[in-house]
Amino acid sequence: MATPGAPTSSNRPEGAELESEARRDAVRGEPPFANAPATDSRLVASLKEAGITAAIIAGLTLFFFAFRTDIAVGGLDLTTRPDLWLVWIGIAFVGRFLLSYFVFRAERPVTGWFKRTKRAGARPVPLGKVVGVILLIVALVLPFLLDTFLPSQNRYLIDLAILILTYVMLGWGLNIVVGLAGLLDLGYVAFYAVGAYSFALLAQNFDLGFWVCLPMAGLFAALWGVMLGFPVLRLRGDYLAIVTLAFGEIIRVVLLNWSDFTGGPNGILGIPKPTFFGLEFNRGEGSFSDFFGLEYSTVQRFVFLYYIILALALLTNFVTMRMRKLPVGRAWEALREDEIACRSLGINTVNVKLTAFATGAMFGGFAGSFFATRQGFISPESFTFIESAIILAIVVLGGLGSQLGVVIASVVMIGGIELLRNLTALQAVFGAGFDPTEYRMLIFGLAMVAIMVWKPRGLISTRSPSIVYKEKKTISADMVAQGEGH
């Protein structure tokens with residue numbers, strides 16, 4: 001029996017401290033007898049966030065959708081469209097609610113359903129290679145598929161496919177500089193312009209054909225890439241981006257003002273078309289259709305141009321993938337991760353940067369020469385900064401260093417813009433007066449923002465190492481530098 005006044009475990013200093021710690025652990029760090037703050041349920045919290053988002057959208061789009069001004073006699077005619085405004089507010093409310101309820105506040109987000117689980121001892125499925133092979137097969141037979149299933153829109157869709165493949169080739173060329181070497185280039189359109197003007201001037205002044213001028217245009221563009229590389233050898237990050245942006249503008253201004261040589265703002269007309277072993281795609285004797293006994297059709301020339309740009313794009317991809325496995329390709333990736341470490345290992349960073357600029361510029365020159373022969377007319381207005389921005393957006397959206405990502409991003413961006421021109425089905429939602437061409441850039445911008453929020457590292461956010469030691473492992477895109485030159 002304890003004697004009165006004897007210390008117990010509860011009034012001893014160490015016993016009181018242990019009891020206080022136990023009580024704090026029981027209430028998870030809150031002071032004793034303090035009630036935990038009430039939290040909203042998953043449904044209520046999602047509704048609150050959706051309401052706040054809808055209110056913000058209502059304020060931002062009030063003068064874009066609720067009111068419309070048209071030119072009328074004596075001034076402007078103001079009309080109100082509250083129904084269109086309310087539809088957009090409802091879309092914002094429903095979209096935010098679904099994201100909050102099923103993604104942000106869900107114990108198991110729906111985005112996790114698409115993640116693959118790797119079983120022990122099982123080899124991962126090369127999903128990228130499977131998708132790449134499927135896309136290649138579709139690209140090879142696309143003109144025949146369009147002629148079979150969509151004969152009325154055959155010419156338009158083939159021309160759109162040519163445009164998409166042109167940007168795929170440009171994206172793969174810029175991916176060497178930005179995605180592999182980590183050098184942020186905002187003036188890539190300059191090499192595109194050099195290739196186009198080189199082909200046009202050589203073809204007109206020396207009476208040379210497309211196949212002779214094509215390698216020469218790539219060589220001239222590569223030479224300009226080396227010339228750009230020398231002044232920027234010591235620059236990184238934003239400074240490098242500003243210099244390359246200035247280089248692109250210098251080329252455009254020179255083409256615009258040197259009228260005696262480049263034609264100035266009038267451009268160059270009458271650029272010759274490519275031939276199939278000397279056979280031209282026109283009517284009459286000695287033409288392609290006459291030689292093969294085919295009925296003449298204007299689609300034949302578009303199909304021929306399609307396979308030319310497809311071959312050039314595949315050549316770009318083949319050379320890029322082969323160079324990634326060579327020492328120069330591994331040096332590009334090392335330069336992207338850490339330039340100081342490259343120097344400490346004895347890598348000549350000067351040569352590495354110059355090879356990256358020259359190689360990327362060469363493919364840009366090839367694409368430019370094809371653009372000139374496809375259009376038959378070029379002018380400085382075709383090579384503005386917006387072209388460089390679109391190509392860079394394709395590389396970043398697809399995923400830095402990812403060849404497949406560039407293809408997907410090109411289809412989404414270039415094909416998506418054209419698709420939004422013809423979305424007349426939206427008139428059933430927004431009314432008969434809705435014109436999708438007026439809002440296609442807005443819809444496209446919102447889609448890009450949504451994709452970059454969902455996949456901030458690009459659509460393809462994993463990297464395969466170019467060299468493997470013992471075991472091949474997938475590299476997360478979080479471990480890859482984002483084209484800042486360091």
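The chain contains 19 helices and four strands, assigned as DSSP runs numbered from the N terminus (helices H or I, at least four residues; strands E, at least two). The model is predicted, so that local features need pLDDT of at least 70 and side-chain atom pairs count only at pLDDT 80 or more, whereas totals for chains, interfaces and linings use all residues. Residues are numbered from 1 along each chain as its sequence is written, and side-chain values use heavy atoms, with hydrogens and water left out.

Of the 486 residues in the chain, 39% are buried, that is, under 20% relative accessible area, with exposed meaning over 50% and partly exposed in between (1.4 Å probe, protein chains only). The chain exposes about 27,900 Å², of which 65% is supplied by carbon and sulfur atoms; accessible areas come from the Shrake-Rupley method with a 1.4 Å probe, and for residues only the protein chains shown count as cover. Among contacts (heavy atoms within 4.5 Å) with a separation of 6 or more, 69% link residues 24 or more positions apart.

The largest nonpolar core comprises 93 residues, and the members touching the most others are I162, Y306, W332, I378 and F383. Helix α6 (residues 154–180) gives the most to this core, with 17 residues. Such a core is a set of buried Ala, Val, Leu, Ile, Met, Phe, Trp, Tyr and Cys residues joined through side-chain atoms within 4.5 Å. Apart from residues up to four places away in sequence, F383 touches V189, Y192, A193, A196, Y197, R252, F371 and I378.

E49 lies in helix α2 (residues 42–60) and is buried, its relative accessible area being 19%. Beyond its neighbours within four places in sequence, E49 contacts R96, S100 and R105.
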